[in-house]
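Keep the fold open in your viewer as you read. We will go from the sheet to its helices, and then to the core.

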Amino acid sequence: MAEIAAQPFPFAFKPRTMALVVIDMQRDFAEPGGFGASLGNDVSRVTAIVPTVKRLIDGFRAVGLPVIHTMECHRPDLSDLPPAKRNRGNPSVRIGDAGPMGRVLIAGEPGTAILGELAPLPGEIVIEKPGKGAFYATSFGDDLKRLGAEQLVFAGVTTEVCVQTTMREANDRGYECLLAEDATESYFPEFKAAAIAMIRAQGAIVGWTATTDQVLEGIANA
């Protein structure tokens with residue numbers, strides 16, 4: 001069986017049962033004027049990983065492995081947006097409000113779109129999720145079963161919230177999870193570091209971590 005060099009120990013790679021999951025690489029989280037910036041965050045940390053995420057996506061496509069994209073967004077009538085989520089904190093704009101790129105985190109709005117450099121190809125699965133985790137109130141679980149996926153590689157933002165939440169949900173459902181460390185990011189460096197440590201603690205309690213180069217080398221040689 002092929003292996004991917006990873007921490008805390010090598011990840012045994014099963015050819016044809018792996019999928020890449022790219023979490024929430026959306027304009028609202030990565031561009032000035034978007035929701036992430038309205039919360040006072042340095043969105044340049046997110047844009048910095050775009051070339052690495054693209055390289056990871058291209059690598060999976062090149063060997064014929066599926067790429068799945070997620071988008072955090074809500075229905076225009078906000079029927080899937082709990083008040084506890086919308087009213088949290090003191091942002092300059094709230095989910096559903098009009099912003100520089102349309103209504104914030106509403107399906108179909110310009111700011112909700114995945115960054116053009118990372119745009120899904122026709123036929124690739126796109127999950128519109130109202131929560132932090134990709135399994136909640138979506139078809140994600142059914143899609144993975146239909147693909148025959150058993151192992152998932154994760155990229156995207158933010159490491160400690162939507163990425164880690166989905167990894168934990170996947171781990172509980174029996175999937176083996178691997179995080180591409182340099183293809184994920186947080187607005188807070190210390191949060192990313194803590195999330196990575198938690199993921200691979202106690203013998204990969206949530207999953208493994210590896211660099212994009214290590215992942216691509218592993219899948220290319222399988």
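Two strands pair if DSSP finds at least two bridges between them. Strands (E, at least two residues) and helices (H or I, at least four) are DSSP runs, numbered from the N terminus. This is a predicted model, in which local features need pLDDT of at least 70, side-chain atom pairs count only at pLDDT 80 or more, and totals for chains, interfaces and linings use all residues. Residues are numbered from 1 along each chain as its sequence is written, and side-chain values use heavy atoms, with hydrogens and water left out.

Start with the sheet. Six strands form it, in the order β7-β4-β3-β8-β9-β10. The sheet is open, and its pairing is parallel. On average, neighbouring strands are turned by 25 degrees against each other, direction ignored. Axes here are lines fitted to C-alpha atoms, for helices over the stretch in contact; angles run from 0 to 180 degrees between N-to-C directions.

Now take the pairs. Strand β4 (residues 67-72) is joined to β7 by five bridges. There, His 69 has Val 126 of β7 as its bridge partner. Six bridges join β8 to β9, and Val 157 stands opposite Glu 185 in β9. Three bridges link β9 to β10. In that pair, Leu 178 stands opposite Trp 208 of β10.

How does the chain get from β8 to β9? It passes through helix α7 (residues 159-172), in a right-handed β-α-β crossover. Right-handed means that, with the strands pointing away from the viewer, the path from the first strand over the helix to the second runs clockwise. β9, helix α8 (residues 189-204) and β10 make a right-handed unit as well.

Helix α9 (residues 212-220) packs on the sheet, touching β3 (18-23), β8 (151-157), β9 (176-185) and β10. Its direction makes about 135 degrees with that of β9.

Finally, look inside. A nonpolar core is a set of buried Ala, Val, Leu, Ile, Met, Phe, Trp, Tyr and Cys residues joined through side-chain atoms within 4.5 Å. The largest has 44 residues; Met 18 and Leu 178 are among those with the most contacts inside it. Helix α4 (residues 50-62) gives the largest share, five residues. Apart from this core lies another, of 23 residues, including Phe 140 and Ile 196.

Definitions and conventions. Buried < 20%, exposed > 50% of the residue type's maximum accessible area, 1.4 Å probe, protein only. Contact = heavy atoms within 4.5 Å.
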